Amino acid sequence: MPASSKPADGLHCLVTGASGYIGGRLVPELLEQGHRVRCVARNPAHLEDLPWAEQAEIVPGDVTDAPSLRRAMDGIDVAYYLVHSMTSTADFEKTDRRAARTFAEAARAAGVGRIVYLGGLTPSGIPEEDLSPHLRSRSEVGRILLESGVPTTVLRAAVVIGSGSASFEMLRYLTERLPVMVTPTWVGTRVQPIAVRDVLRYLAGSARMPDEVNRTFDIGGPDLLTYRDMMMRYARVAGLRQRLILSVPVLTPRLSSHWIGLVTPVPASLARPLAESLRYEVVCTENDITQYVPDGPGHPMGFDQALELALQRVRDAQVATRWSSASLPGAPSDPLPTDPDWAGGSLYVDERSRTVDATPAALWRVIEGVGGENGWYSFPLAWAVRGWFDRLVGGVGLRRGRRDAQRLRVGDALDFWRVEEIERGRLLRLRAEMRLPGLAWLEMVADRDDSGRTRYHQRALFHPRGLAGQLYWWSVAPFHAVVFGGMARNIARTAERAEKQGQRAAAPQRPGGSSAARGGLHETHRT
């Protein structure tokens, strides 16, 4: 349907890169605004577990495969192009060029009303051939789409601040892990960061631009900052001590990428295009987007507020549970607003699963009964020592027990945890309130596997704060097999025993029947 005859109630939107950082957030934004959404993915199964999957249409396809794109474009009003190569191979520019041309030709042939592309903000006054390969490629993709014959909106963003994005994770890890930093000279280069919420607002709003609009728009937040400024402000917002930053001229983008790869979870292969992009001053030269997508109260969002919101999502463990990686060619269009396979690497995870010879209901009763007098089902002495140590440093320890011996509700204190979330019969998530150099959660799930067998799934998550947090995690990691492995094993065995005995719940016992009452901890089996 041409853009001039767009329905007032909602458009039919195609989203590529829906498994990526921006695409995965844009889909629910479009759905909330009343649009119909079709997602094209090389492997549709990768999208099936996302919260919005049942509300969207998911079809197989690839931006380099013309027949699949022609099928995906059928009946589409607005097509979002949110893919870009993040590899550093010699032919990545050729791949990007071919994908953009294939997409543009399919959109024109299908009569699509508008293409919307999220690219990278390029520096003013520098010829395209002098840009870094990745910036040059993003600029070329935008030009190909603008010349497609389909009205096109190209949004150009620099550093996107949002939980899980490459730029945010790099900023966060560098600042938290290094109180004193020797940095490249690009930390003194100005950039114009933008909150991911504003990026999504501009993307969604671009769907209804008039037919005659076919151009690029610079998008950015209200703050013009150097990377040094951003690190200093991150430290303040995160409650860290002031950082000492010393810049030296000898760190090339290649050396910088290896340095970033050592200090942060961002691999050097992805860090290099990020470092190359940050060599240039990238600030908006116009603000024309507001003529078509007006800024409401509180928008565009300031840098500090964007940081606070991103950090809150990390603290709530929402990055680990909601966003997944995107592989070529389903990665987001800009290397800064991306969600590669290390996003959510902001959290360390110890994960355990066991098949249980009992019903999910029997397993859930054991899960909901953890803590207090029932204990934690593994290595009582270790839990007791951790509780004693917590009390010595002013924490709550294990003395709080639990409100009810069998039933929990959100907000309940549970030893040195607090109940953060319950999906009755399936999920229990606890948030640590012990003294830690970071934030921690313990998650227990009762469900069934693909063959219908009951499965127990357990995750311990830790979000470290600074170097002390990193040292803490790795110092206790050797004990996880005993503590968390034993916990998963004994919870499963307790549920199996309760099922056989027909009991509603069963507390673990020491061999021979004696209980380890001290600290409210019990042990069923040796771990």
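This is a predicted model: local features need pLDDT of at least 70, side-chain atom pairs count only at pLDDT 80 or more; totals for chains, interfaces and linings use all residues.

Student: How many helices and strands make up the secondary structure?

Tutor: There are 15 helices and 19 strands. Helices (H or I, at least four residues) and strands (E, at least two) are DSSP runs, numbered from the N terminus.

Student: What share of the residues is buried, and what does "buried" stand for?

Tutor: Buried residues come to 57% of the 527 in the protein. The label means under 20% relative accessible area; exposed is over 50%, and partly exposed is in between (1.4 Å probe, protein chains only). As for contacts (heavy atoms within 4.5 Å), take those with a separation of 6 or more: 74% of them join residues 24 or more positions apart.

Student: Why is one face of α2 said to be lined by buried residues?

Tutor: In α2, residues 66-73, the buried ones are S68, L69, A72 and M73. Looking down the axis of α2, they fall within an arc of 130°, so they line one face of the helix. That arc is taken from the directions from the helix axis to the C-beta atoms.

Student: What do those buried residues of α2 pack against?

Tutor: Their partners are β1 (12-16), β2 (36-41), β3 (57-60), β4 (78-81) and α3 (92-110). After α2 comes G75, with a positive phi near 75°.

Student: What makes β2 "mostly covered"?

Tutor: Five of the six residues in β2 are buried. β2 also runs parallel to β1, with five bridges joining them. Two strands pair if DSSP finds at least two bridges between them, so five bridges qualify β1 and β2 as a pair. V37 in β2 is the bridge partner of C13.

Student: Why do β14 and β15 count as edge strands?

Tutor: Start with the open sheet of six strands, ordered β14-β19-β18-β17-β16-β15 with antiparallel pairing. β14 (348-356) and β15 (413-414) each have a single partner strand, so one side of each is left without a neighbour in the sheet. Elsewhere in that sheet, β16 and β17 pair in the antiparallel sense over six bridges, and V419 stands opposite L430 in β17.

Student: How do you know that E286 and R215 form a salt bridge?

Tutor: A salt bridge needs a side-chain nitrogen of Lys or Arg within 4 Å of a carboxyl oxygen of Asp or Glu. E286 and R215 come in at 3.6 Å, N to O, so the pair passes. The two are 71 residues apart: E286 is in the loop between α9 (268-277) and α10 (303-315), and R215 is in strand β11 (residues 215-218).

Student: Are those two residues buried or partly exposed?

Tutor: E286 has 19% relative accessibility, so it counts as buried. R215, at 27%, counts as partly exposed.

Student: What does the bridge between E433 and R418 tie together?

Tutor: That salt bridge has an N to O distance of 2.6 Å. E433 lies in the loop between β17 (427-432) and β18 (438-448) and R418 in strand β16 (residues 417-423), so the pair ties together parts that are 15 residues apart in sequence. E433 is partly exposed at 30%, and R418 is partly exposed at 30% too.

Student: Which residue forms a salt bridge with D447?

Tutor: R455 does, with the closest N and O atoms 2.9 Å apart. D447 is buried at 16%, while R455 is partly exposed at 25%. The structure holds 25 salt bridges, and D223, R233, R236 and D304 are linked in a network of them.

Student: What makes the nonpolar surface patch?

Tutor: V180, V182, L244 and L246 make it, covering about 350 Å². Patches are made of residues with over 30% relative accessible area and no salt bridge; like charges are joined within 9 Å, nonpolar side chains (Val, Leu, Ile, Met, Phe, Trp, Tyr) within 5 Å. Accessible areas come from the Shrake-Rupley method with a 1.4 Å probe, and for residues only the protein chains shown count as cover. L244, in strand β13, is partly exposed at 46% relative accessibility. β8 (180-183) and β13 (244-247) each supply at least two residues of the patch.

Notes
Residues are numbered from 1 along each chain as its sequence is written. Side-chain values use heavy atoms; hydrogens and water are left out.
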